[in-house]
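Here is a briefing for a reader new to this structure. Look over the sequence and the model before going on to the notes.

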Amino acid sequence: MLNKTVHEALNAQIKHEIYSSYLYLAMSAHCESKNYSGMAKWLKVQSSEEYGHAMKLFHYVQERGAAVVLQAIDQPPTAFGEPLELFKKVLAHEQQVTTLVTALYELAAKEKDYPSQFMLQWFVTEQVEEEKNVSDIVDQIIRVGDTPVSLMMLDRQLGMRASK
Ligand SMILES: [Fe+2]
Ligand SMILES: [Fe+2]
């Protein structure tokens, strides 16, 4: 049986992952409207990755014989500024998610829910990669400067991200 506190926290995390998906989709729409179609593509792929994270938790809760209770999703912002500002926002969001995932992992450990702890290890590792990918983009923009030419090149580079 799934521990009650862990169960509630997992349902909440499903919402956080769906919100991440929603947020990146909104960012993708913003980039598309500014004609950064490569960045828009990258964010769309990121959005579907986040949806995948939500589904991982969704299936896990069901596998444990517990009920999935979907919660209301907040409306994401509609404008995110220039690319540097936008990717800084992505990084800040991922750092926030890392805090949530860490707290969830600690909760599972505290409640001695070892299967959940084991499952959440994947998310802990995933966050390391997520933060690195985005901070690399932020660093790149800072290093080469956010001139129209360098942003055009970054846009082309990010547009090559494979869809999953
Ligand atoms: Fe995620
Ligand atoms: Fe993420």
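A pocket is an open set of points, on a 1 Å grid over the protein atoms alone, with protein on both sides within 12 Å along at least five of seven lines; lining residues have an atom within 4 Å of a point. This is a predicted model, in which local features need pLDDT of at least 70, side-chain atom pairs count only at pLDDT 80 or more, and totals for chains, interfaces and linings use all residues. Residues are numbered from 1 along each chain as its sequence is written, chains are lettered from A and ligands numbered from 1 in the order in which they are written, and side-chain values use heavy atoms, with hydrogens and water left out.

**Largest pocket**
- The largest pocket holds about 200 Å³, where a volume is the space filled by probe spheres set on grid points joined across faces, edges and corners.
- Its lining residues are Lys 15, His 16, Tyr 19, Ser 20, Ala 72, Ile 73, Asp 74, His 93, Gln 96, Val 97 and Leu 100.
- Helix 1 and helix 3 (83-110) are the elements that give two or more residues to this lining. Helices are DSSP runs (H or I, at least four residues), numbered from the N terminus.
- Five nonpolar, four polar and two charged residues make up the lining of the largest pocket. Ala, Val, Leu, Ile, Met, Phe, Trp, Tyr, Cys and Pro count as nonpolar, Asp, Glu, Lys and Arg as charged, and the others, Gly among them, as polar.

**Iron site**
- Glu 17 (OE), Glu 50 (OE) and His 53 (ND1) coordinate the iron ion (ligand 1), at 2.1 to 2.2 Å. Donors are N, O and S atoms within 2.8 Å of the metal (3.2 Å for Na, K and Ca); water is not among the atoms, so sites may look incomplete.
- Along the chain, the donors of this ion follow the spacing E-x32-E-x2-H.
- Glu 17 sits in helix 1 (residues 4-33) and Glu 50 in helix 2 (residues 37-63), so the pair links distant parts of the chain, 33 residues apart.
- Glu 50 also bridges the iron ion (ligand 1) and the iron ion (ligand 2), which lie 3.4 Å apart.

**Ser 21**
- Ser 21 lies in helix 1. Ser 21 counts as buried because its relative accessibility is 11%.
- Beyond its neighbours within four places in sequence, Ser 21 is in contact (heavy atoms within 4.5 Å) with Ser 47, Glu 50 and Tyr 51.

Notes. On a 1 Å grid over the protein atoms alone, a cavity is a set of points where a 1.4 Å probe fits but cannot get out, and a pocket is an open set with protein on both sides within 12 Å along at least five of seven lines; lining residues have an atom within 4 Å of a point. Buried means under 20% relative accessible area, exposed over 50%, partly exposed in between (1.4 Å probe, protein chains only).
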